[in-house]
Each structure stands twice: as C-alpha cells, then as structure tokens.
Amino acid sequence: VIRLGLGFTPSKQILITAEAERNLDYTATVVKAGLEYQIVPNVYFRTGIVSKFNNAHFGIGFAKKNLIFDYAANTHQSLGFSHHLSLSYQLTNKEVKQ
C-alpha cells in the first residue's frame with residue numbers, strides 16, 4: 001500500500017487534509033479528504049469523506065489540558081450508520097492543539 005497525504009491550515013481555526021491511497025494488488029485508488037474547524041477554543045467539528053466506499057464521517061472533539069474526548073459517526077453504503085467514541089489522556093505536559 002502506498003499513501004500520500006497533505007495537511008493545510010489556512011487559519012488557526014481550520015485544518016484541511018487529503019490522502020490518496022493505492023494498494024498495488026488492486027487497480028482502484030482511494031481518495032480521502034477531511035476538514036476540522038475549531039468552533040470555540042478546545043472544541044472541534046470534523047467531517048470527511050472516502051471516495052471508494054462512498055461514505056461520510058462527522059464528528060466533534062473536546063480537549064482540556066491532558067484530556068481529549070472525540071465522538072464521530074459515519075455512514076457506509078453496506079454497513080449503515082456507525083458510532084465511534086474515544087477518550088484519551090496525554091501523559092506529557094504538552095499543550096493540546098489550541
């Protein structure tokens with residue numbers, strides 16, 4: 001599998017990402033794109049799409065000091081609607097992305 005990804009931050013509140021993925025055993029190339037928008041400090045709205053599987057992702061994240069909470073939902077043409085939940089704690093004293 002070969003992947004090439006890019007990220008672009010046109011402002012402090014916006015992150016745009018894109019990735020192309022190619023499995024050498026298959027002919028199709030998968031293109032992924034995402035957008036993260038910081039609504040207010042430490043609260044993020046995220047959305048993204050995947051071309052091959054025709055699915056969309058939506059989510060929200062909250063970060064306070066070392067604690068990070070993320071929730072996402074995605075749609076898939078075969079699997080339907082799925083929920084994803086993540087709770088993380090950073091052991092380092094680094095500031096969470098602001």
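So, in what order do the strands of this open sheet sit? They run S1-S2-S3-S4-S5-S6-S7, 7 strands in all, and the pairing is antiparallel.

Before going on, a word on what we're looking at. This is a predicted model, so local features need pLDDT of at least 70 and side-chain atom pairs count only at pLDDT 80 or more, while totals for chains, interfaces and linings use all residues. Residues are numbered from 1 along each chain as its sequence is written, and side-chain values use heavy atoms, with hydrogens and water left out.

Okay, the overall picture. The protein has 0 helices and 7 strands, so if you read along the sequence you get β-β-β-β-β-β-β, with strands as DSSP defines them. The C-alpha trace spans about 45 × 30 × 25 Å along its principal axes. Of the 98 residues, 21% count as buried, and buried here means under 20% relative accessible area, with exposed being over 50% and partly exposed in between, using a 1.4 Å probe and protein chains only.

Why is one side of S1 and of S7 left without a neighbour? Strand S1 (2–11) and strand S7 (80–89) stand at the edges, each with a single partner strand, so one side of each has no neighbour in the sheet. On average, neighbouring strands of this sheet are turned by 15° against each other, direction ignored. The axes behind that angle are lines fitted to C-alpha atoms, and angles can run from 0 to 180 degrees between N-to-C directions.

S6 and S7 form a hairpin with 3 residues between them, and 10 bridges join the two, running antiparallel. You can find one of the pairs at Ile68, whose bridge partner in S7 is Ser88. S7 is hardly covered, by the way: among its 10 residues, the count of buried ones is 0.

Next, charges. How many salt bridges does the structure hold? There are 6, where a salt bridge is a side-chain nitrogen of Lys or Arg within 4 Å of a carboxyl oxygen of Asp or Glu.

Let's start with Glu19. Glu19 forms a salt bridge with Arg3, and their closest N and O atoms are 3.8 Å apart. Glu19 lies in strand S2 (residues 14–22) and Arg3 in strand S1, so this pair ties together parts that are 16 residues apart in sequence. Arg3 is exposed, at a relative accessible area of 54%, whereas Glu19 is partly exposed at 24%.

Glu19 also meets Lys32 in a salt bridge, at 3.4 Å from N to O. Lys32 lies in strand S3, so here the pair joins parts 13 residues apart in sequence. Lys32 counts as partly exposed, with 27% relative accessibility.

Then there's Arg46 with Asp70, whose closest N and O atoms are 2.6 Å apart. That pair links distant parts of the chain, with Arg46 in strand S4 and Asp70 in strand S6 (residues 67–76), 24 residues apart. Arg46 is partly exposed too, at 28% relative accessibility. And salt bridges that share partners join Arg3, Glu19, Glu21 and Lys32 into one network.

Val50, found in strand S4, is buried with a relative accessible area of 14%. Leaving out residues up to four places away in sequence, Val50 touches Val30, Val31, Lys32, Asn55 and His57, where contact means heavy atoms within 4.5 Å.

Asn55 is in strand S5 (residues 55–64). Is Asn55 buried or exposed? At 9% relative accessibility, Asn55 counts as buried. Neighbours within four places aside, Asn55 is in contact with Gly48, Ile49, Val50, Asn74, Thr75 and His76.

How values were computed:
Two strands pair if DSSP finds at least two bridges between them. Helices (H or I, at least four residues) and strands (E, at least two) are DSSP runs, numbered from the N terminus.
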